[in-house]
Structures are given as structure tokens and as C-alpha cells.
Amino acid sequence: MNTLDRYDVIVVGGGHAGCEAARTVALMNKQTLLITMNIDRLAYMSCNPAMGGVAKGQIVREIDALGGYSGIVTDESTIQFRMLNRSKGPAMWSPRAQTDLAVFSHKWRQQIELTSGLFIRNDEVVSLIIENQTVKGVTTALGQSYYATAVVLANGTFLNGKIHVGEVNFTAGRIGEKAAQKLTQSLLDHGFEVARLKTGTPVRVDGRTINFDALIPQPGDDNPDKFSFSPTQAVSRQLPCYLAHTNEVVHDVLRRGFDRSPMYQGRIQGVGPRYCPSIEDKINRFADKTQHQLFVEPLGRETCEYYINGFSSSLPESIQVEALHKIKGFEQAKVFRPGYAIEYDYFPPTQLKPNLETKLIQRLFFAGQINGTTGYEEAAAQGLMAGINAVQSINEHDPIVLKRNEAYIGVLIDDLVTKGVDEPYRMFTSRAEYRILLRQDNADQRLTPIGFKLGLANVQRMQRLERKQQWIAQVEHCFDKKIESSLINSVLEQCQTAPVTQSVSFKNLL
């Protein structure tokens with residue numbers, strides 16, 4: 001064996017899960033090889049160009065608090081920031097950032113290349129090297145063998161991926177990129193159970209052909225926040241998104257294409273995401289609705305390409321374009337590419353231990369959509385935890401398993417490994433029974449001490465957390481002080497609140 005082909009950990013797949021896993025392993029002082037089929041699309045945003053949202057924003061904050069990179073790269077590429085659910089209690093507040101797709105991927109590649117001990121290979125993994133039920137390495141399409149003590153599989157939608165646009169279908173991992181067609185068989189040969197899921201993505205439109213005057217602007221927050229607890233900068237020059245609506249004419253056009261829909265004609269066998277339905281699914285399931293919202297989102301500062309959030313479809317392109325032209329503001333719209341559905345293999349996550357190691361093969365870890373999840377945030381979180389636990393396994397240390405009352409990440413992984421999935425899993429605040437404790441603003445208090453012990457969160461992060469905790473303690477001490485009733489009753493009466501009869505603490509007044 002060539003010693004140059006020997007690593008501590010091999011990570012397969014350069015998406016959000018794979019990038020977080022590879023960086024994490026290298027930061028924990030292990031020689032790491034990241035093998036990806038397209039080195040130019042590291043952490044590429046295949047669907048909407050955004051990070052965060054309800055519950056997902058909490059996950060990004062947790063990744064950052066542990067020492068992951070997703071929050072930092074989001075801040076460096078944000079073009080609009082909004083804190084969602086401000087009208088609700090603080091536990092429901094959820095940060096969301098519209099990002100520049102090209103900058104996001106570029107910043108991730110920079111980070112990967114700057115991380116000491118992390119190497120990249122552009123190739124396709126076709127099989128695993130396994131001895132005595134323990135993974136020993138991988139072989140690639142170019143005939144190379146690479147050896148490692150642990151392997152993390154983060155293959156996204158590429159395992160036997162098949163794209164559908166109306167009656168047209170072809171193998172691909174995402175549009176314009178080939179699928180990985182052999183690795184699934186290698187896993188099947190070792191006793192793994194496999195199934196199929198489906199997801200979709202909307203049409204991309206040339207912004208030069210959109211009549212924005214006919215749309216409703218959706219600006220970012222007046223005082224935008226950011227994701228990372230580290231000293232990154234909040235976005236200073238925000239781009240607007242826009243709101244559009246379908247109508248009954250649009251729905252009628254789309255219905256005409258149902259007889260050529262791969263979903264309704266049974267050509268798609270995989271189950272799709274219930275919480276992110278295609279436009280044809282929406283008008284079928286909610287037939288009483290005369291319109292549906294569409295969010296028109298820019299893909300970056302230096303491109304005219306727009307993402308039509310809410311218009312996901314696998315109908316024939318001619319139907320998609322005809323329906324698009326019936327939407328106010330899109331009468332003259334030109335399409336960069338149609339929406340499409342993609343089917344892919346996943347491995348039911350009940351085959352995993354809580355540390356994301358497979359039950360069948362020692363030191364083999366799965367992370368991301370291979371486990372039946374959907375979303376960049378869910379994938380990145382699994383990649384981070386798989387990377388951590390790959391190193392813990394090599395070092396013969398106890399696994400790091402976050403509890404449900406410690407993190408949304410703990411809820412995510414516990415749900416996967418104990419309940420499994422029958423549709424693409426997406427995180428919601430309602431899934432977390434301890435959600436009042438798991439706020440986006442206290443992720444550092446919950447998780448940074450763990451990241452610091454692992455060597456992922458640096459000293460500066462820990463010092464910032466300690467200062468924050470000191471400030472909180474000082475405020476709490478102030479509110480423990482009491483005030484005489486004679487000094488406060490006039491204020492209480494102005495607030496139409498009952499007066500008090502004795503001295504009382506500020507805490508009790510609140």
C-alpha cells in the first residue's frame with residue numbers, strides 16, 4: 001500500500017454534509033481525504049439559494065456554536081437577512097439568509113483548501129473496502145484505492161439519481177452532473193437496506209425578462225442580524241426578494257399537463273417531501289385555493305438568474321413555461337432551465353447508531369440525504385456530527401450524542417435513528433418538545449463548551465461566551481434587587497396594573 005493513499009478518514013461527497021464532515025475531521029487533527037465527483041461545486045446549493053428558516057435557522061446557529069463553518073460562510077455570502085416569526089415568542093424566532101450561490105460555494109472551497117490536513121480528490125467512489133465487518137477504504141471509478149480507519153458517506157441525491165421533466169428522464173445526480181451508479185450495489189452486497197425518495201426544484205428565470213413593477217417587494221430586516229457567534233459582519237447592502245401569485249388560469253394550464261406528469265403517471269416511485277410540494281401537487285391537494293404564493297429570489301449579486309420558490313415542478317417544460325407566462329410579471333419571462341424532479345437512493349436511518357455509525361459495518365458513517373433527510377441545514381448538521389464521531393471512534397473515545405433537550409441537532413438524529421423516515425425528513429420547531437429551551441440565540445451557551453472540548457470552537461469563541469454569560473449574570477443580579485412600593489406604584493397605575501403593597505424585586509414585577 002502506498003502511504004500517500006492512507007488517511008485517517010475518507011469523506012465521500014462534497015455537499016453540505018461532506019464539507020462539514022471533512023473540515024471537522026481535519027480540525028480534530030486527523031488526515032482527511034474528501035472525494036467528490038465535481039470539485040467545482042463544493043457545498044453547492046442545488047435548490048434554493050438560502051440558509052436557515054423555521055427550525056433550520058436554529059440548526060445553523062447550533063452548527064456554528066459547535067465550531068462548524070455553515071454559519072460563517074452564510075454570513076460571508078448573505079444578500080438578504082430576515083428574522084422570521086418575530087410576532088411569536090423568542091423560541092420561535094428563526095434566522096434566514098438569502099445567499100449568493102456562487103460566493104457560498106467559493107467560500108466553502110477556500111475554507112476546504114485552507115484547512116491543514118484536508119486533501120481533495122475529484123473522482124467517483126464505486127465500492128467500499130471492507131474486512132471483518134470493518135471499513136478499510138474505498139475504490140474509485142478511476143481504479144484507485146484509498147485506505148482509511150473510518151469512512152463517512154455523504155452522497156446527497158447522487159446514488160442512482162434519475163431526473164424527470166415531463167416524459168423525459170435521464171440519470172443524473174443533479175442537472176448537468178452524472179449520477180453515482182455503483183456504490184449502492186456495494187452497500188447492498190454488505191447487507192444494507194435501500195429505498196427511494198424524490199425531491200424537486202423550480203424553474204430558474206432570467207431576471208432581465210421579469211416585470212418587477214408587477215411584483216410585491218420583500219425587503220430584508222432594517223437592522224439585519226447574522227448567523228455566526230464569531231465576529232463576522234452582518235450584510236450591509238441587501239437585495240430585495242419579491243412576492244408573486246399564481247391564479248386560476250395558471251392552475252388550468254398546469255392541470256392540462258397532468259396526463260404527462262411523471263408523478264401522476266407512476267414513473268416516479270420515490271416519495272416526495274410533503275412539506276415542500278410541487279406546484280402541481282399543491283393545486284391538486286388544495287383544489288379550493290385560487291392562488292398560491294411564489295417567492296422570487298435572486299441567486300446572487302452578479303447574476304440575473306432568479307429562483308421561483310414555490311413553483312417546483314416535474315411537468316413538461318412547455319407546460320411549465322406556458323403556466324409561468326400566465327403569472328403577473330412573468331408574461332415575457334425567459335427560462336434558464338425548467339423545474340425537475342429527482343429520484344435517488346437512500347438508506348433507512350434505523351440502520352444507524354445514534355453516533356451515525358452504521359450497525360452493520362464498523363467505522364462507516366452516513367450523513368445527509370443518504371439518511372433520508374432534506375435541506376442543507378439538516379445535512380450539514382449530520383456531517384458535523386458524523387465527522388466528530390468518526391474521530392471519536394478512531395481515538396476510542398465515547399461518541400458525542402446530543403440529547404433532545406440539548407439541541408435541534410439532537411432531535412434530528414434521534415428522530416432518524418429511532419423512528420426512521422417514510423418521506424424526506426425536514427426539521428420543524430414542532431418536532432422539538434424542548435423547543436422553548438432551544439432558542440437560536442442561546443445555541444452558544446448550550447453547545448460551545450462541547451465544541452471547545454473537542455477542539456472545534458477556539459479560545460476566542462469560548463472567551464466571547466464567557467463574557468456573554470457574565471453580562472447575563474450582571475443583568476440577572478440587577479433584577480434580583482427590590483424596589484419600594486412607593487417608588488413603583490405610580491408607574492404600575494399608568495400601565496393599568498394593580499399596585500403592590502410591599503417592596504418587590506424587579507424580577508417578580510416582570
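Helices (H or I, at least four residues) and strands (E, at least two) are DSSP runs, numbered from the N terminus. The legends below concern a predicted model, in which local features need pLDDT of at least 70 and side-chain atom pairs count only at pLDDT 80 or more, while totals for chains, interfaces and linings use all residues. Residues are numbered from 1 along each chain as its sequence is written, and side-chain values use heavy atoms, with hydrogens and water left out.

**Figure 1. The loop that holds E396.** E396 lies in the loop between α9 (376-394) and α10. Its phi is positive, about 60°, although E396 is not a glycine. E396 counts as exposed because its relative accessibility is 68%; here exposed means over 50% relative accessible area, buried under 20%, and partly exposed in between (1.4 Å probe, protein chains only).

**Figure 2. N29 between a helix and a strand.** The loop between α1 (16-27) and β2 (32-36) contains N29. Phi of N29 is near 65°, a positive value in a residue other than glycine. With a relative accessible area of 70%, N29 is exposed.

**Figure 3. The enclosed helix α2.** G67 follows α2 and has a positive phi, near 110°.

**Figure 4. N155 and its contacts.** N155 is placed in the loop between β9 (145-153) and β10 (162-165). Its relative accessibility is 10%, and N155 therefore counts as buried. Leaving aside residues up to four places away in sequence, N155 touches V12, L183 and I370; contact means heavy atoms within 4.5 Å. From C-alpha to C-alpha, N155 and L509 are 54 Å apart in space, and they are 354 residues apart in sequence.

**Figure 5. Q369 and its contacts.** Q369 is found in the loop between β19 (364-366) and α9. At 19% relative accessibility, Q369 counts as buried. When residues up to four places away in sequence are not counted, Q369 touches G156, T157, Y344 and Y346.

**Figure 6. A side-chain contact of N442.** N442 belongs to the loop between α10 (408-419) and α11 (443-454). N442 counts as buried because its relative accessibility is 9%. The side chains of N442 and R446 make a polar contact at 2.8 Å. A polar contact is a pair of N or O atoms within 3.5 Å; within protein, one must be able to donate a hydrogen and the other to accept it, and residues adjacent in sequence count only if both atoms are side-chain atoms.

**Figure 7. The setting of the close-up views in the whole chain.** The protein chain has 14 helices and 21 strands, and buried residues make up 56% of its 510 residues. Its C-alpha atoms fill a box of roughly 80 × 60 × 40 Å, taken along the principal axes. Among contacts between residues at least 6 apart in sequence, 72% join residues at least 24 apart.
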